[in-house]
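Here are my notes on this one, for when you have a minute. Have a look at the model first, then read on.

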Amino acid sequence: MFQYDDKKLKDQLLELIRRAATDLPEDVVDSMRAAWKNEPEGSSARSVFGMLLKNIELAKAESIPMCQDTGTNIYLVYIPEGFSMRKLTALIHEATEEAVEKSYLRPNAVDSITGKNSGNNLGEGQPFIHFEEWDEDYIEFKIMLKGGGCENVSTQYKLPDVDLGADRDMDGVYKVIVDAVNEAQGQGCAPGILGIGIGGDRASSSLAAKIQLYRKLPDTNENAEMAKMESKLLADLNELGVGPMGFGGKTTILGVKIGSLHRLPASFFVSISYMCWAYRRRSMTLNAKGEVTYD
Ligand code: SF4
């Protein structure tokens, strides 16, 4: 029997948001440091990485957002059987409003019809919360703050793509991913991280791509073929020379994460979710005693 207290859980969710907005995960910082070290002294790429790393340190030290765009708040919540999604959603909303008051988040929710900003980062579909029921006896909240610039260069392909010579096979998938990064150049605030969703319909494919972005950078895909493809793409995409923020350099992409869904024989979608260097993802688990751990 879960014993969580609403007010306490709201505060714990607020802390999750604070961590996400101000403190980049260790695996991302490590990867950025390695990329900085890998660029020659005096190069633009090294100086851009240096600036980004200083920015990341400052945000952590002062508990302030690391980028002026605090992004779309995307939650993935795993719940044991019997939990009320409605109640958890209400607590996430409360925590979001308070995070805006405390300036961890900016009020970024704009009514698409009227153009009016809601002022509290809440609105239809904002934040986006995806629930899944699981067999574990605890809840896990995963949050990602996804910037608008990188979302703008995220894209979806429909295979075959005659212009790119991309057929309905893994070689075709490879070609469209390279094309997407080439098209994005520095506009997605490179270095980027790619979440790829192969198959599904247009909507499920896009969600599958975003879900891949909750994986840690050094992990290895459980599917051996996909693991191989992720490594090859990472190496090849970094040969493009786009570099951080498009200034040229050896690191354009920090990671490639691929997932797949079954599809209709008639359709073959490849969705590419491009995440920027401000790869703000954090998670929190809540056990039956109401205790939380953050990652
Ligand atoms: S895309 Fe990312 S780094 Fe660029 S402005 Fe938006 S949040 Fe900031």
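1. Ground rules. This is a predicted model, where local features need pLDDT of at least 70, side-chain atom pairs count only at pLDDT 80 or more, and totals for chains, interfaces and linings use all residues. Residues are numbered from 1 along each chain as its sequence is written.

2. Strand E7. Helices (H or I, at least four residues) and strands (E, at least two) are DSSP runs, numbered from the N terminus.

3. Pairing here takes at least two DSSP bridges between two strands. E4 (residues 155-158) pairs with E7 in the antiparallel sense over 4 bridges, with Tyr157 bridged to Val270. E5 (residues 192-198) is antiparallel to E7 too, over 6 bridges; there, Ile193 has Met275 as its bridge partner.

4. Helices H1 and H4. H1 (residues 6-22) packs against H4 (residues 85-101) at an angle of about 55°, with the axes 8 Å apart. That makes H1 oblique to H4 (oblique is what remains after under 35 degrees, roughly parallel; over 145, roughly antiparallel; and 65 to 115, roughly perpendicular). Axes are lines fitted to C-alpha atoms, for helices over the stretch in contact, and angles run from 0 to 180 degrees between N-to-C directions.
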